[in-house]
Amino acid sequence: MFQWFNEPKINFMAPRRLFLSLSALACLAGVYAIVLLYQGKANLGTDFGAGVQLRMSASSNVEIDQIRQSLKDQGYADAQIQQVKEENNTGFKLIIKLKHNADMAVGSIGDEVLGFFNKKFPDAKFTLDGSDEVGPAVSQKLRDDALKAFVLSMLGILVYIAFRFDFKFGVAAIITTVHDILVILAIIILSGREFNLLQVTALLTLAGYSLNDTVVTFDRIRENLKFLVKDHTFTSLVNLSVNETLSRTINTSGTVFLTLLPLCLIGGDALKDFAFTLLLGVVVGTYSSIFVASPILVEWNNLSGPKAKK
């Protein structure tokens, strides 16, 4: 394996409380993002937001403000309009999100908007490329199922780490994984990016990636506890373990980062947000495996009493 550092001796544990404090603040932002999510104030996808998403195209450009005003006149004042711009696409393409209307038949809203646009902008020649419609009951079930999937995955992680290592290792791994999810949620939701089922898939993927990175460090700590415990305090032993796995962490994260970067920069609209979330997760997961997971173990050990510090 390529070594970035020759026997590094970086004291990662010295500023641990500073990094833990910063991470706690970031987690609070994530909690606020979850509140916005369940209040419906975040930019929710159709699968979570209970509404209609229309994909439309036209032969010529139309001012977005004119389209917004036209939808407002038609009774869709809360419509969200996004122009799709891709290098390989020609023409004028839009994604329009509308709130669910229980009085309208399923699939009729798209035809109504299409007819209205072609009457209002006859030269543009609008066409309806596709539509997705989700009712409130279905969107609520999708949100509940996503939450259940996350909770079950966290319980599985706790059982696995507690069985393979120790209970406090399992709790530290859970806290670290929840930290990563909250930080990523804060960035996605507070930046106005759309949150949908694809983002949930990315978050669960990142939970596994972050856990794998943390387990490698924990495994080295466990090995060193067997052979080096007489020569080190627990804090110095953890610091040594983080340094020993540093090159591996950088190599793994770096290759994944370079793989995702092209998808994030030149991928299509369907992939860009997904790739951005994964890219963000690689950075946050690498940070947390060094500056969150191991410091939690050290602080827990120090709070356990004088005997545990040796």
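A contact here is a pair of residues with heavy atoms within 4.5 Å of each other. In these terms, Ile-161 touches Asp-166, Phe-169, Gly-170, Ala-173, Leu-211 and Val-215, leaving aside residues up to four places away in sequence. The model is a predicted one, in which local features need pLDDT of at least 70 and side-chain atom pairs count only at pLDDT 80 or more, while totals for chains, interfaces and linings use all residues. Residues are numbered from 1 along each chain as its sequence is written, and side-chain values use heavy atoms, with hydrogens and water left out.

The protein chain contains eleven helices and four strands, taken as DSSP runs (helices H or I, at least four residues; strands E, at least two) and numbered from the N terminus. Of its 310 residues, 45% are buried, where buried means under 20% relative accessible area, exposed over 50% and partly exposed in between (1.4 Å probe, protein chains only). Among contacts in the chain with a separation of 6 or more, 77% join residues 24 or more positions apart.

Helix α1 deserves a look of its own. At 1.5 Å a residue, its 23 residues should span 33 Å, and the end C-alpha atoms are 33 Å apart, which agrees; the expected span is 1.5 Å times one less than the number of residues. Buried in α1 are Arg-16, Ser-23, Cys-27, Gly-30, Ala-33, Leu-36 and Leu-37. After α1 comes Gly-40, with a positive phi near 80°.

On the surface, Tyr-38, Leu-147, Val-151, Leu-152 and Leu-155 form a nonpolar patch with about 490 Å² of accessible area together. Patch residues have over 30% relative accessible area and no salt bridge, and nonpolar side chains (Val, Leu, Ile, Met, Phe, Trp, Tyr) are joined within 5 Å; a salt bridge is a side-chain nitrogen of Lys or Arg within 4 Å of a carboxyl oxygen of Asp or Glu. Helix α5 gives the largest share of the patch, four residues. Val-151 lies in α5 and is partly exposed, with a relative accessible area of 40%.

Note on methods:
Patches are made of residues with over 30% relative accessible area and no salt bridge: like charges are joined within 9 Å, nonpolar side chains (Val, Leu, Ile, Met, Phe, Trp, Tyr) within 5 Å. Accessible areas come from the Shrake-Rupley method with a 1.4 Å probe; for residues, only the protein chains shown count as cover.
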